[in-house]
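Please look through the sequence and the model shown here before reading on. The report that follows takes up the chain as a whole, and then some of its parts.

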Amino acid sequence: MSMRIPEEFLSLLRQKVDIVDVVSEYVRLKRVGRSLVGLCPFHSERTPSFHVTPEKGFYHCFGCGAGGTAITFVMEIEQLTFVQAIERLAEKSGLPIPKMEDDLLESEDRKLRAQLYEVNALATKLYNHILMNHPAGAQGLSYLLERGLTKKTIAQFQLGYSPANGRDLVQFLRKRGFSVDLIVQAGLGLISSDGELFDRFRNRVMFPIADLQGRTIGFGARTLTGDDPKYINTQETPIFRKGNILYGYALARQGIRKTGKAVLLEGYMDVIALHQHGITHAIASLGTALTTEQAAILRRAVADEVILLYDGDSAGQKATQKSIEILRDMDIPIRVAQMPQDVDPDEAIRKQGVDAFRSDVLDKAVSALEYQLIQLTHKHPQHMTTDRIDYLRDAISILALEESSIEREAMAEWLSKTYAISLAALKDDLNTQVRLKSQRKETNVRVKKWDTSSRVHIDHGSNKTGSDLGERIPLKHIVAERQLLVYMLLDSDVVKQVQMSVHSEFSLPLHSALQAYVYTFYAEHEHADPELLLATIDDPAVLQFAAKLLHEAVSLLEPGKLPDPQGVRDYIQCLIGYELERDMQRVSEALKHAIEQGDTSAMNQSQEELWRLRAALVQSNQAAGSTQAPIFGRRSGR
């Protein structure tokens with residue numbers, strides 16, 4: 001690990017933290033055998049594949065491969081660093097945080113990020129002070145008050161104003177010891193052609209953009225002078241990636257959890273106006289295009305549905321359609337609330353009042369499917385007459401994408417009544433489209449279903465090899481490596497046996513990476529401790545792989561059962577044989593080269609080495625006998 005956490009503290013934290021309690025805050029779990037199972041919070045699924053193993057203190061998802069300990073779960077679900085996750089769990093457990101040792105690179109990176117958070121926080125305070133208390137901010141304050149915001153709301157969202165002179169912020173930050181490079185890297189300053197530092201944002205209303213924890217990481221800035229562009233955002237920085245953030249999320253988190261819903265809007269002012277009127281589950285994407293990263297945040301947070309509420313213009317309609325596609329792919333329930341053209345939610349809620357806005361806009365939100373069918377009428381203006389058949393064909397294609405058979409049938413009945421066409425005919429075409437979609441999906445799954453632990457293509461649906469898809473069973477030595485890794489995670493004695501007998505790295509990158517972590521861990525620990533070992537793995541791919549192996553082991557091994565010694569020896573012999581075969585191939589190449597060069601001495605040397613390796617391989621094969629290579633080896637007494 002690049003971050004050295006005192007092991008005594010980790011052990012104490014593990015005693016205090018129950019992974020079931022941690023995960024249950026985000027996932028509804030149900031006991032199945034020795035595991036607790038629920039819907040994975042990290043990818044969309046209808047059938048639970050997310051398993052928590054309380055006795056071992058780790059989780060694993062068989063759908064997306066996510067896995068780890070309570071620490072890694074908090075890191076992923078809250079988008080925290082390793083240290084932040086430790087701090088979060090320690091705070092919940094009432095444990096004081098110990099001093100932690102860093103390596104230089106990690107220390108420098110954390111120092112930079114801490115400075116970026118600090119400089120953004122100071123900029124937020126200065127902009128807000130100028131807006132509320134300084135003549136230079138009077139224009140901005142007047143604008144916000146005219147838009148119907150109260151001073152309480154302005155303070156809640158920490159809105160501010162950047163003066164026109166272009167020097168106030170950089171001078172303020174320089175006096176507090178921040179370097180020119182840091183101010184520029186934070187996206188708050190620019191260097192002029194003559195080398196002078198000046199404010200990036202000038203004469204604009206400032207909207208601080210916070211991360212999921214509520215820390216300012218950047219700004220949106222609106223011009224009041226008609227300059228183009230109307231809005232500009234902070235450039236991307238080490239702490240600001242606009243595709244990963246939802247505006248207002250930290251303030252909306254409680255409202256989202258309380259209602260189970262999120263209202264997704266386009267603009268800063270829309271979000272602020274809805275919050276001011278008590279609709280506190282409102283958020284916005286930064287720009288009109290929702291990203292998969294933002295959708296993933298919504299999937300973790302939203303229990304019931306996302307209500308899309310974009311502007312009624314063509315750009316808003318396109319954004320709505322794109323968002324529907326992204327949210328549907330993540331299996332997030334969607335409804336769409338529609339605004340009249342040229343009216344935005346901010347304006348509507350101010351004019352109508354919150355009660356009318358709820359009843360006329362939010363409560364009348366339609367399903368994504370119904371919205372798409374309504375929008376399809378714009379493509380077919382004569383959809384009730386001459387364009388009716390083309391409209392219905394396109395409508396059936398849209399219905400086929402809907403996962404809910406109930407909603408498909410309901411909308412098919414609506415189409416039948418509205419367009420005076422046989423329901424049986426519509427269902428016939430619809431069932432054909434659904435069947436074709438299902439076949440394409442199954443084909444894609446089979447083509448893409450790879451064994452991620454060994455990078456070897458496996459046919460999970462049959463015992464055939466060499467099929468049209470090029471599938472094949474894993475090679476013997478790959479299965480042996482995988483099984484030995486399971487045993488090595490569970491038993492330190494197996495680690496010693498492998499180190500003494502196998503003198504090379506495992507053949508697959510993921511296998512060899514986990515092998516290295518295991519060797520490093522047991523160089524400092526005498527006894528097996530899988531949960532603590534997982535806490536030392538800072539490579540996400542390796543961590544997921546290790547968690548998967550441990551979960552499979554827990555599922556198949558009896559509690560407290562150690563690996564079968566004969567099974568360990570058989571797998572080690574398999575790897576020794578593979579090592580000898582590779583050496584023979586290397587020596588054969590050397591012999592071929594010596595013959596081509598006419599080098600008699602090298603020929604004799606290679607030939608002798610080849611005979612020795614062949615004899616060793618025969619001996620190894622005899623020792624291994626006819627060992628099979630199942631996914632899990634034999635265990636005594638079973």
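## The chain as a whole

The chain has 26 helices and 21 strands, where helices (H or I, at least four residues) and strands (E, at least two) are DSSP runs, numbered from the N terminus. This is a predicted model, in which local features need pLDDT of at least 70 and side-chain atom pairs count only at pLDDT 80 or more, while totals for chains, interfaces and linings use all residues. Residues are numbered from 1 along each chain as its sequence is written, and side-chain values use heavy atoms, with hydrogens and water left out.

Of the 638 residues of the chain, 48% count as buried; buried means under 20% relative accessible area, exposed means over 50%, and partly exposed lies in between (1.4 Å probe, protein chains only). The chain exposes about 31600 Å², and carbon and sulfur atoms supply 50% of this area; accessible areas come from the Shrake-Rupley method with a 1.4 Å probe, and for residues only the protein chains shown count as cover. Among contacts (heavy atoms within 4.5 Å) between residues at least 6 apart in sequence, 64% join residues at least 24 apart.

## The largest pocket

On a 1 Å grid over the protein atoms alone, a pocket is an open set of points with protein on both sides within 12 Å along at least five of seven lines, whereas a cavity is a set of points where a 1.4 Å probe fits but cannot get out; lining residues have an atom within 4 Å of a point. Grid points are joined across faces, edges and corners, and a volume is the space filled by probe spheres set on the points. With these terms in hand, about 1100 Å³ of space lies in the largest pocket. Its lining has 40 residues, of which Arg299, Val302, Ala303, Asp331 and Pro333 lie nearest the centre. Two or more lining residues come from each of helix H3 (70-78), helix H10 (249-259), helix H12 (292-301), strand E18 (334-336) and helix H16 (368-379).

The lining of the largest pocket divides into 21 nonpolar, four polar and 15 charged residues, where Ala, Val, Leu, Ile, Met, Phe, Trp, Tyr, Cys and Pro count as nonpolar, Asp, Glu, Lys and Arg as charged, and the others, Gly among them, as polar. Which helix gives the most to this lining? H12 does, with five residues. Eight of the ten residues of H12 are buried, so this helix is largely enclosed by the rest of the structure; among the buried residues is Arg299, which is also one of the residues nearest the centre of the pocket.

## The largest cavity

A search of the whole structure finds two cavities of 30 Å³ or more, and the largest cavity has a volume of about 50 Å³. Its lining residues include Glu481, Phe506, Tyr578 and Arg582, and helix H25 (residues 565-597) gives the most to this lining, with four residues. The lining of the largest cavity divides into four nonpolar, two polar and four charged residues.

## Two residues with positive phi

Most residues other than glycine have a negative phi. Phi of Gln158, however, is near 55 degrees, a positive value, and Gln158 is found in the loop between helix H7 (151-156) and strand E8 (160-162). Phi of Asp331 is near 60 degrees, which is also positive, and Asp331 lies in the loop between helix H13 (314-329) and E18. Gln158 is partly exposed, with a relative accessible area of 35%, and Asp331 counts as partly exposed too, at 27%.

A disulfide is a covalent bond between the sulfur atoms of two cysteines. Here a disulfide is taken as a pair of cysteine sulfur atoms within 2.5 Å, and a search of the whole structure finds zero. Cys40 is buried, with a relative accessible area of 1%, and Cys61 is buried with a relative accessible area of 1%.

Leu182 lies in helix H9 (residues 180-185) and counts as buried, at 5% relative accessibility. Leaving aside its neighbours within four places in sequence, Leu182 is in contact with Leu112, Gln115 and Leu116; Leu182 and Leu116 are 66 residues apart in sequence and 7.5 Å apart in space, C-alpha to C-alpha. Thr377, found in helix H16, counts as buried at 18% relative accessibility, and, with neighbours within four places in sequence left aside, Thr377 is in contact with His383, Tyr391 and Tyr419.
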